[in-house]
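Please read them with the structure open.

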Amino acid sequence: MAELKEADAGQLHQEDVDIKREGGDAPSAGDPAAEQAAKHEAAADADTKPSTTTTDRHISIQTKLEGLEILVDLDGAGRKSCPLCPEEKFKACYSHKLRRHLQNLHWKVYVEFEGQRMCICHLPCRNLKPITNIVFCVNSFKAPGRHVAHYHCVVCSVTIARKTDMISHLKRHVNKGETEASYSGNSDAYEIMKELGTNVQLLPNHTTPQKSDTYFNRKMKTNRQLVFCSLAVLAEERNPLECLDAFGATGIMGLQWAKHLRNAVKVTITDISDTCVKMIKENCELNHIRAEGGSRVPRGPDGTSSEAKGVSIATVEVAKMDANVIMHLRPFDYIHLDPYGTAVNYLDAAFRNIRNLGIISVTSTDTGSLYSKSPNVTLRHYGCHIVRTEYYKELAARMVVATVARAAARCNKGIEVLLAVALEHFVLVVVRVLRGPTQADESAKKLRKLVHCQWCEERVFLKQGNMVDVSPPDTLPCNCHGSLPGKTAVQLGPLWCGPLFNTGFLRRMLSAAVQHSMDDIQPLVKTLICESECTTLKSLVHGPSALTNQVECGVVIKTLQSGEESGPADQSGKRKTGEESGNVVKKLKSDASLEHPSFYYSIHRHSIKGMNMPKLNKFLQYLTEAGFRVSRTHFDPTGVRTDATLEQFKSVLTKYSVPTYTNATATQTSVSMQKTVVPVKVQINEKCNNS
């Protein structure tokens with residue numbers, strides 16, 4: 001009886017799903033209560049299942065073996081057919097034989113992906129191309145293709161024959177971030193993407209996917225999570241928090257803020273494109289978030305608004321406006337800039353109305369100009385002269401920070417760099433805004449020229465002063481300018497010479513990542529914490545004790561130690577008194593001794609020919625024993641951040657390197673000795689035979 005009830009319930013649920021799929025546009029016009037109940041039920045189903053096709057997955061995709069057995073009533077009498085094999089391949093048989101068949105043939109060779117197991121399928125879902133046979137009588141015919149055993153992909157529903165090919169196919173999905181993607185069943189074929197518990201529908205653009213107006217970059221998942229953690233940290237300091245996603249596109253970033261931080265933030269998403277604004281509002285409805293602003297709201301089939309009161313979990317303001325315009329019109333506590341390419345055109349507007357101690361995060365994706373592939377574009381956009389170096393990623397990060405500092409100084413504001421990350425396809429910089437000309441002057445003093453030796457790649461920042469040095473190479477600790485003919489040094493910049501990380505802020509970001517189950521970026525944040533402290537210690541505390549003894553701005557420290565000390569003046573974001581601003585300067589000056597060393601050295605770039613280098617972790621230990629500060633760096637997996645000079649770095653590397661050809665030379669000498677002995681024996685034998 002229980003099984004019959006479950007079967008009846010499953011049949012009723014499938015009928016409801018079919019009714020919704022066939023025609024949400026044909027409800028009974030005379031029953032508005034039934035329509036409202038249907039909307040609530042559809043919203044509940046959408047919350048549990050992110051895509052309409054998650055219920056339409058192929059029958060070969062199951063979570064347990066019992067799922068395959070449920071497809072056939074094995075407890076009933078009589079012969080039964082296999083649900084995954086055609087009748088001509090596997091004839092109907094009794095239950096005990098069919099159970100062994102399902103277990104040994106289909107279930108035994110499954111491919112598992114995030115709890116879902118794709119069993120092998122023998123149904124005629126996939127056919128080979130028909131074989132064309134040419135007959136001597138000029139006429140030709142096509143033989144029908146044979147059925148091939150295959151797997152159905154749980155992500156994109158494609159069929160792949162070989163198990164190894166399916167595993168490689170799933171790895172490509174993971175690299176693109178397509179772990180929970182599916183396609184809806186409507187005529188527009190919108191793609192539903194889920195990330196961090198937030199669903200967004202995307203417009204497919206198969207010809208030029210990166211040129212789509214609502215382009216969703218799956219490779220920027222790390223960037224979105226880092227920005228989210230930085231916003232979560234700021235939300236602990238002031239509440240409510242007005243934040244702006246200036247380039248919404250699909251609205252995924254702003255929706256994640258609103259869905260997870262709820263009432264702690266007031267999210268505004270803007271975009272200049274009508275298509276993007278429409279898509280953002282539809283994505284708000286998909287996540288049960290109420291969209292405010294604008295005249296057009298998604299309508300239901302009966303013409304009424306599709307928003308159901310009581311269903312929305314948060315509110316987001318969606319506006320069709322240029323980013324520069326809205327940043328000039330309204331003040332914000334948190335602004336995120338992520339345009340297509342460089343963000344230098346929006347920095348002045350961002351610093352115009354940002355509140356005191358607010359945060360601005362800037363994402364730059366113009367890697368051609370940042371990584372010195374187009375020096376003329378770099379000079380035009382950032383006003384910096386750079387060349388290709390071994391530390392080009394940190395050079396790009398310091399160049400972006402310098403541009404941000406100059407834009408802040410034009411508005412009589414200073415900055416404190418909280419985070420600077422440079423990965424393969426983007427550079428992310430997160431800074432805290434400090435109001436006042438004094439703070440602006442302090443930030444401007446950290447913009448200096450860099451002297452770089454093009455032969456050994458030693459580098460050093462020029463000292464601050466107005467005196468002109470007639471021999472810039474003399475400032476370098478290396479002697480390449482004396483031992484080599486011609487000029488070997490070049491001036492780069494101006495660049496940011498201050499620290500790129502704030503340890504206290506990074507520790508709170510790690511706590512936010514743990515709280516919101518962001519397992520992907522936790523190793524990266526831990527690396528950043530060790531890099532900010534220039535240490536190799538990996539014992540990081542996640543509890544409340546990790547949030548003590550942090551050196552940040554004065555108001556931030558008060559908020560961390562006890563939330564009750566921050567009064568309404570902290571939340572309003574108004575200008576602080578002179579005494580508080582003086583405390584900020586004193587704390588920043590006292591933290592100067594804890595700054596991490598600038599730049600890093602690549603152990604492979606400075607390896608010695610004919611010598612085997614020690615392992616990187618061992619080499620870090622050797623540098624520590626020599627009395628230097630060392631740490632790994634996220635900029636380069638083979639890089640070492642240390643306060644040692646290049647000469648000291650090479651001396652330690654040479655001391656613990658082993659010659660490569662020690663055993664090879666010994667083998668060669670033994671072989672050569674054998675070659676010299678053999679002819680002597682031959683000569684002696686020849687003399688004996690002649691005699």
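1. Start with Phe635, which is buried at a relative accessible area of 3%. The cut-off for that word is under 20%, so Phe635 qualifies as buried. Bear in mind that this is a predicted model.

2. Where does Phe635 sit? Its place is in the loop between β24 (630–632) and β25 (639–642).

3. Which residues does Phe635 touch, leaving aside its neighbours within four places in sequence? The list includes Lys393, Glu394 and Ala397. Ala420, Ala422, Leu500 and Phe501 are also in contact with Phe635. Ala397 and Phe635 are 238 residues apart along the chain, yet their C-alpha atoms are separated by 9.7 Å.

4. Ser657 is another loop residue, placed between α22 (646–655) and β26 (658–659). Is Ser657 buried or exposed? Its relative accessible area is 9%, so Ser657 is buried.

5. Look next at the side chain of Ser657. One of its polar atoms lies 2.4 Å from the backbone oxygen of Leu653. Leaving aside neighbours within four places in sequence, Ser657 is in contact with Met611, Asn612, Met613 and Pro614.

6. Now a sheet. Three strands form an open sheet in the order β1-β3-β2, with antiparallel pairing. The edge strands are β1 (61–62) and β2 (111–113), and each pairs on one side only. Three bridges join β2 to β3 (residues 116–118). Within this pair, Val111 stands opposite Met118 of β3.

7. A helix covers part of this topic too. Helix α5 (residues 163–176) packs on the sheet and touches β2 and β3. The direction of α5 makes about 10 degrees with that of β2.

8. Last, a helix pair. Two packed helices are described by the angle between their axes and the distance between the axes. Helix α6 (residues 221–235) packs with helix α16 (residues 503–515) at an angle of about 105 degrees. Their axes are 9 Å apart. The range 65 to 115 degrees counts as roughly perpendicular, so α6 is roughly perpendicular to α16.

9. Which residues make that contact? From α6 come Leu226, Cys229, Ser230, Ala232 and Val233. From α16 come Phe505, Arg508, Met509, Ala512 and Ala513. By class, the contact has eight nonpolar, one polar and one charged residues.

Methods: Residues numbered from 1 in each chain as written. Predicted model: local features only at pLDDT ≥ 70, side-chain atom pairs only at ≥ 80, totals over all residues. Heavy atoms only, no water. Helix = DSSP H or I, 4+ residues; strand = E, 2+ residues; numbered from the N terminus. Buried < 20%, exposed > 50% of the residue type's maximum accessible area, 1.4 Å probe, protein only. Contact = heavy atoms within 4.5 Å. Polar contact = N/O pair within 3.5 Å; in protein donor to acceptor, adjacent residues only side chain to side chain. Pairing = 2+ DSSP bridges. Axes fitted to C-alpha atoms, helices over the stretch in contact; angles between N-to-C directions. Parallel < 35°, antiparallel > 145°, perpendicular 65-115°, else oblique. Nonpolar A, V, L, I, M, F, W, Y, C, P; charged D, E, K, R; others polar.
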